[in-house]
Amino acid sequence: MDTGDLALVEQDGGQPASHHPDRCVHFRGHFRGVSILTCMDTGDLALVEQDGGQPASHHPDRCVHFRGHFRGVSILTCMDTGDLALVEQDGGNRHLIIQTGDMGRREATEPVRALADNCSWISHWGLYKDKSGPKWPSSHRPGKDIVVPIFLQSSLVVSYGMHTTPVHPNAEPVNRSQTFFFAGRICGDRKEPIAGEWPNCDTEVAGENGYSAGTRQKGGVGWGDAAEVKGENRCSAGTRQKVHYHFSNRTGYKVVVSTKTYARDMARSKFCLAPTGGGHGKRQVLVAMLGCIPVTMTDYVYQPFEPEIDWSEFSVPIQEKEIPQMADKLESLSDAEVASLQVGQV
């Protein structure tokens with residue numbers, strides 16, 4: 001924090017919206033219990049007041065700024081006109097834009113996407129074709145955009161038990177006696193799914209199950225219609241629910257909402273489900289770090305660095321229509337083929 005900014009904080013205790021005409025207007029907010037100070041230069045504030053902060057308002061002498069929203073918070077992004085000139089000079093072909101949201105490039109407003117259409121976007125979300133079930137619009141453009149793995153901060157590495165990974169060169173070899181593992185949210189209401197029954201997630205109010213595909217409607221819903229009912233399958237395109245329905249009671253398969261032995265379960269399993277979430281997933285990274293072979297299955301989604309990296313060398317891709325036959329495919333792999341996939345992860 002600049003000492004001048006610190007002086008402003010000391011001057012009035014950092015109260016919200018304290019106006020310092022010669023410097024800035026600063027605001028204090030909270031994010032996950034952490035107090036955050038945001039200082040808006042009075043010149044920038046004047047630009048906002050001039051036109052209400054509308055998207056793509058062009059101020060040739062200062063900047064082009066855009067207004068977006070993240071979880072109900074209005075966010076102002078200002079692109080300096082010098083930077084804009086560089087984008088316009090070559091159409092953005094030499095520029096990279098980082099977008100970390102669940103839905104990648106499509107989370108940006110239309111004016112921003114139009115301005116940066118020729119730029120390469122770096123995100124975690126590789127959906128390259130519209131999906132009608134969860135109503136996901138395509139985001140990734142193969143050959144131009146780049147899908148990257150999620151970043152795991154050290155606290156998550158420890159909480160997930162990644163630091164005890166059996167793929168470490170000095171680690172003792174483990175006996176992977178379990179065939180398949182998944183633990184995580186399955187139903188949108190976070191309740192336990194109904195074993196042996198489809199739909200296996202219970203929601204009778206349209207829209208409540210926005211996270212989950214297995215919407216359970218009055219009167220019953222057929223298997224093929226489950227992705228289209230109200231409530232929509234906005235998480236994993238329904239793959240988590242289908243895997244639970246078919247395999248939660250199969251010997252050697254552990255498909256649960258939660259477990260106290262998360263890292264150990266991954267370390268002792270040959271294959272682990274690596275689904276998407278309400279957009280990009282994280283388990284393709286988590287499970288591989290513990291030597292469990294990722295089983296990916298959301299159609300039209302590129303994994304990190306695909307297609308330049310061939311994920312079939314260290315994972316097992318399953319098409320959504322193949323989910324009922326997933327066990328046959330996994331269990332048909334020989335010990336040598338499984339070992340080859342595990343080596344491909346390293």
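Rings of Phe, Tyr and Trp (its six-membered ring) pair if their centres lie within 6.5 Å; planes under 30 degrees apart count as stacked, over 60 as edge-to-face and the rest as tilted. This is a predicted model, where local features need pLDDT of at least 70, side-chain atom pairs count only at pLDDT 80 or more, and totals for chains, interfaces and linings use all residues. Residues are numbered from 1 along each chain as its sequence is written, and side-chain values use heavy atoms, with hydrogens and water left out.

**Exercise 1. Find the aromatic cluster that includes Tyr-128, and describe the pair Tyr-128 and Tyr-300.**

Step 1. Start with the count: there are eight aromatic pairs in the structure.

Step 2. One of them is Tyr-128 with Tyr-300, at 6.3 Å centre to centre and 75° between the planes, so this pair is edge-to-face.

Step 3. Now place the two rings. Tyr-128 sits in the loop between β8 and β9, while Tyr-300 sits in the loop between β13 and β14, 172 residues apart. (Strands are DSSP runs of E, at least two residues; helices are runs of H or I, at least four; both are numbered from the N terminus.)

**Exercise 2. Work out the strand order of the five-stranded sheet, then see what packs on it.**

Step 1. Strands pair if DSSP finds at least two bridges between them. The order here is β11-β10-β12-β13-β14, in an open sheet with parallel pairing.

Step 2. Check the edges: β11 (253-256) and β14 (316-317) each have a single partner strand, so one side of each has no neighbour in the sheet.

Step 3. Look inside: β12 (residues 269-273) and β13 (residues 293-296) run parallel, joined by three bridges. Cys-272 has Pro-294 in β13 as its bridge partner.

Step 4. Helix α6 (residues 239-247) touches β10 (178-183), β11 and β12, and its direction makes about 130° with that of β11. Helix α10 (residues 335-345) touches β12, β13 and β14, at about 95° to the direction of β13. (Axes are lines fitted to C-alpha atoms, for helices over the stretch in contact, and angles run from 0 to 180 degrees between N-to-C directions.)

Key
Contact = heavy atoms within 4.5 Å.
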